[in-house]
Amino acid sequence: MLLDVGGINTYYGTSHILQDVSFSVDSGEVVALLGRNGVGKTTTLRSVMGLTPPRDGTVRLQDQELRGLAAHAISRLGVAYMPDDLRIFPDLTCEENLQIAAKLSPRTGYWNQERVEELFPVLADRRRQKGLNMSGGEKKMLSMGRALMSNPQLILMDEPSEGLAPLVVRALAGSIMEIRSHGVTILLADQNLKFCRQVCDRGYIIEKGRIVHQGTMEDIWGNEAVVKKYLAL
Ligand SMILES: Nc1ncnc2c1ncn2[C@@H]1O[C@H](COP(=O)(O)OP(=O)(O)OP(=O)(O)O)[C@@H](O)[C@H]1O
Ligand SMILES: [Mg+2]
């Protein structure tokens with residue numbers, strides 16, 4: 001297993017949000033965290049990244065325990081985080097946003113500006129545009145590109161498909177398949193089941209801070225009772 005999360009409990013102040021959450025992601029897999037609004041998907045990704053550290057349990061990246069490490073240390077070990085609000089620097093250009101990510105990472109590998117722009121040609125077209133002038137879809141691609149610039153083993157993506165037009169979602173699914181083909185492992189939180197079915201191998205369903213179901217995406221997609229109970233809007 002590349003990522004092995006065992007029995008974590010995460011709190012916001014006195015609110016006990018994640019309750020004994022366990023899941024794992026194998027090297028090369030794309031795995032989904034599914035569930036309705038407010039169930040704990042973002043908190044799960046933040047717990048892995050060290051942004052809201054779990055109070056107990058384990059978060060292992062291969063043999064390395066991540067729990068207790070700061071986010072920047074976790075990032076150096078090869079975990080990248082694409083937050084739901086993307087955190088694009090508005091006053092920097094598209095290119096500068098990419099370059100900063102590379103500068104902050106000691107890691108090298110396949111991904112550089114040229115490869116990222118090959119994957120997302122629109123980022124080459126927008127090279128000198130400021131972050132604030134980019135569209136929602138372009139910002140998603142930039143944020144994903146920035147994650148890649150750190151040459152991570154694992155990318156945590158929060159709501160990659162949210163707010164995008166169906167055509168853009170389809171293109172993004174293709175890009176994720178391409179990223180995966182270069183050996184990058186992905187854990188994503190998303191509410192778009194159709195998108196997850198396209199890009200993910202397996203999924204975990206969260207409800208009120210607990211994992212209530214897990215299976216292959218095909219199993220979940222075909223399980224009407226589970227979809228109705230935990231996912232249907
Ligand atoms: N900073 C915070 N302080 C207190 N409670 C919080 C904080 N952030 C989130 N929560 C609570 O933690 C719970 C889980 O939130 P989380 O954002 O992880 O859910 P989510 O599944 O990502 O939801 P969404 O679909 O809205 O993104 C919710 O009840 C939420 O209200
Ligand atoms: Mg969320």
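Which residues lie nearest the centre of the largest pocket, and how many residues line the pocket? The legends below answer this for a predicted model, in which local features need pLDDT of at least 70, side-chain atom pairs count only at pLDDT 80 or more, and totals for chains, interfaces and linings use all residues. Residues are numbered from 1 along each chain as its sequence is written, chains are lettered from A and ligands numbered from 1 in the order in which they are written, and side-chain values use heavy atoms, with hydrogens and water left out.

**View 1. Lining of the largest pocket.** Ser 75, Tyr 81, Ala 101, Leu 104 and Arg 146 lie nearest the centre of the largest pocket, which is lined by 23 residues. A pocket is an open set of points on a 1 Å grid over the protein atoms alone, with protein on both sides within 12 Å along at least five of seven lines; lining residues have an atom within 4 Å of a point. The volume of the pocket is about 650 Å³, a volume being the space filled by probe spheres set on the points, which are joined across faces, edges and corners. At least two lining residues come from each of helix 1 (41-49), helix 2 (71-76), strand 6 (79-82), helix 3 (94-104) and helix 6 (136-149). Helices (H or I, at least four residues) and strands (E, at least two) are DSSP runs numbered from the N terminus. Helix 2 gives the largest share of the lining, four residues. The lining divides into 14 nonpolar, five polar and four charged residues. Here Ala, Val, Leu, Ile, Met, Phe, Trp, Tyr, Cys and Pro count as nonpolar, Asp, Glu, Lys and Arg as charged, and the others, Gly among them, as polar.

**View 2. The largest cavity.** The structure holds one cavity of 30 Å³ or more, a cavity being a set of grid points where a 1.4 Å probe fits but cannot get out. The largest cavity has about 30 Å³ of space. Residues lining this cavity include Ser 47, Val 48, Pro 53, Pro 54, Arg 67 and Ile 74. By class, the cavity lining has seven nonpolar, three polar and one charged residues.

View 3. Four strands form an open sheet with antiparallel pairing, in the order 2-1-4-5; two strands pair if DSSP finds at least two bridges between them. Strand 2 (15-25) and strand 5 (64-65) are at the edges with a single partner strand each, so one side of each has no neighbour in the sheet. Strand 1 and strand 2 run antiparallel and are joined by seven bridges, and Ile 8 has Val 21 of strand 2 as its bridge partner. Their hairpin has two residues between the strands, and Gly 13 takes a positive phi near 60° there. Strand 4 (residues 56-61) pairs with strand 5 over two bridges in the antiparallel sense, with Gln 64 of strand 5 as the bridge partner of Leu 61. Helix 1 lies across strand 1 (3-12), strand 2 and strand 4, and runs at about 110° to strand 1. Axes are lines fitted to C-alpha atoms, for helices over the stretch in contact, and angles run from 0 to 180 degrees between N-to-C directions.

View 4. Strand 9 (residues 202-207) and strand 10 pair in the antiparallel sense over six bridges. In strand 10, Arg 210 is the bridge partner of Glu 207, and His 213 is that of Ile 205. The hairpin of strand 9 and strand 10 has two residues between the strands, and Lys 208 takes a positive phi near 45° in it.

**View 5. Packing of helix 6 on helix 7.** Helix 6 and helix 7 (residues 166-181) pack at about 10°, with axes 11 Å apart. The two helices are therefore roughly parallel to each other, a term for angles under 35 degrees. Contact, meaning heavy atoms within 4.5 Å, involves Gly 137, Met 141, Met 144 and Leu 148 of helix 6 and Val 168, Leu 172, Ile 176 and Ile 179 of helix 7. These residues divide into seven nonpolar, one polar and no charged.

Key: Angles under 35 degrees count as roughly parallel, over 145 as roughly antiparallel, 65 to 115 as roughly perpendicular and the rest as oblique.
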